[in-house]
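Here is a walk through one protein chain. Keep the sequence and the structure open side by side as you read.

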Amino acid sequence: MPIGVIYMAVIEVKNLTKRYGKSRGIEDVSIEVKEGEIFGFIGPNGSGKSTFIRTLLNFLYPTSGSGNVLGFDIERESHKLKEKVGYVPSEVKYYEETKVVDLIEYAKSFYSEVDECYIDMIVQDLKVDLDKKIGELSYGNKKKVAIVQALMGSPKLLILDEPTNGLDPLIQKKLFEVLRKEKEKGNTVFLSSHNLTEVESLCDRVAIIKQGRIVDTVDLSVLKEQFGLVVEVSGDLTKEDVLKISKEMMLESESHYIFTYSGDVNSLVDWAKDYSLKKLLVEEQNLESEFMKYYLGEGEGYERV
Ligand SMILES: Nc1ncnc2c1ncn2[C@@H]1O[C@H](COP(=O)(O)OP(=O)(O)OP(=O)(O)O)[C@@H](O)[C@H]1O
């Protein structure tokens with residue numbers, strides 16, 4: 001961060017709770033998203049990602065807690081807030097008989113100024129089919145229309161609920177390019193996702209939600225610096241043999257072990273030479289191997305020895 005630059009919190013939420021009657025939605029969620037960052041929100045199915053986003057945008061009333069987005073209170077000033085935020089919902093619903101081109105033109109009429117060249121470029125990049133009716137579009141193709149609409153007012157903040165769901169890999173890549181450009185312009189992106197690989201490649205920071213509560217918030221550049229190697233071995237060796245080289249056991253079954261390793265590669269090679277191995281697989285640690293623990297239930301998963 002350059003010295004002297006003060007980053008404003010674009011999203012600031014304190015102790016936000018939303019219950020559906022007696023059922024849990026989100027519990028005591030506190031988050032701060034800084035201006036100009038791409039912030040990922042990840043967690044298992046039903047953990048509360050959509051509930052959080054919908055409460056933030058006042059589509060749901062909070063049970064308790066408070067928050068502001070772009071300086072606007074999420075309850076009292078939600079109408080102002082919604083004007084300034086580009087939002088892509090997880091489920092896109094439009095009037096089925098409307099043609100895409102008409103919907104986009106109609107959406108433009110809500111803004112005093114629209115960067116037509118930019119919107120045309122997004123339409124082309126995402127291969128949006130302008131001539132079809134909404135009702136004729138697939139789930140992914142509807143999502144693309146929602147993305148175009150979210151970008152229409154050149155928002156300072158984009159909130160996207162599982163934006164890549166239903167998009168093919170090429171369009172996902174194009175969307176990431178668009179989001180990176182938004183960041184380059186100084187805008188802020190908040191997105192929920194199930195895809196840890198995409199989160200790793202795109203986001204600056206990530207919050208992990210589990211059973212409605214934030215369990216961790218991570219700066220990915222710091223985390224990546226700590227990443228070592230993930231080593232998988234099987235053959236004629238015991239757990240004690242593995243513990244000579246690493247204390248970070250991720251999985252162990254009979255003669256088959258997966259562990260992380262951060263030391264010198266040559267020492268790892270020397271260690272491996274002492275055993276008769278059937279398999280030796282070494283790969284760089286990534287977000288998926290690190291974060292899988294958050295997706296596992298009680299008693300499942302890795303053991304740190
Ligand atoms: N309208 C509703 N009425 C009652 N409970 C609800 C409602 N919507 C969500 N929930 C509950 O709130 C919790 C959080 O759901 P939410 O949809 O926010 O999770 P999510 O993380 O977005 O899930 P997914 O990854 O599957 O989209 C779940 O236990 C869910 O059953």
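Predicted model: local features only at pLDDT ≥ 70, side-chain atom pairs only at ≥ 80, totals over all residues.

Two strands count as paired if DSSP finds at least two bridges between them. Eight bridges join strand β1 (residues 9–20) to β2, and the two run antiparallel. At one point along them, K18 stands opposite I26 in β2.

Four strands form an open sheet in the order β2-β1-β4-β5, with antiparallel pairing. β2 and β5 (72–73) stand at the edges, each with a single partner strand, so one side of each has no neighbour in the sheet.

β2 also takes part in the ligand site. Both β2 (23–34) and α1 (49–56) supply at least two residues of the shell around the ligand. The shell has 13 residues, and Y20, N45, K49, S50 and T51 come nearest. What classes of residue make up the shell around the ligand? One is nonpolar, 10 are polar and two are charged.

Now move to helix α5 (residues 139–151). Its 13 residues should span 18 Å at 1.5 Å a residue. The end C-alpha atoms are 19 Å apart, which agrees. Is the helix largely enclosed or open? A residue counts as buried if 20 or more other C-beta atoms lie within 10 Å of its own. By that test 10 of the 13 residues of α5 are buried, so the helix is largely enclosed by the rest of the structure. Among them are N141, K143 and K144, along with V145, A146, I147 and V148.

Step back into the loop between α4 and α5, and you reach S138. S138 has 11, so S138 is exposed. S138 and L167 are 29 residues apart in sequence, yet their C-alpha atoms are 9.9 Å apart in space.

Further along comes a hairpin of β9 and β10, with two residues between the strands. Q211 sits in the turn and has a positive phi of about 50°. Six bridges join β9 (residues 205–210) to β10 (residues 213–219), and the strands run antiparallel. R205 has D219 in β10 as its bridge partner.

Last, the overall layout. The chain is divided into domain 1 (9–220) and domain 2 (228–285). Their C-alpha centres lie 41 Å apart.

Definitions and conventions. Residues numbered from 1 in each chain as written. Domains from an automatic or database assignment. Expected span 1.5 Å × (residues − 1). Buried ≥ 20, exposed ≤ 12 C-beta atoms within 10 Å, placed from the backbone. Near = placed C-beta within 6 Å. Nonpolar A, V, L, I, M, F, W, Y, C, P; charged D, E, K, R; others polar.
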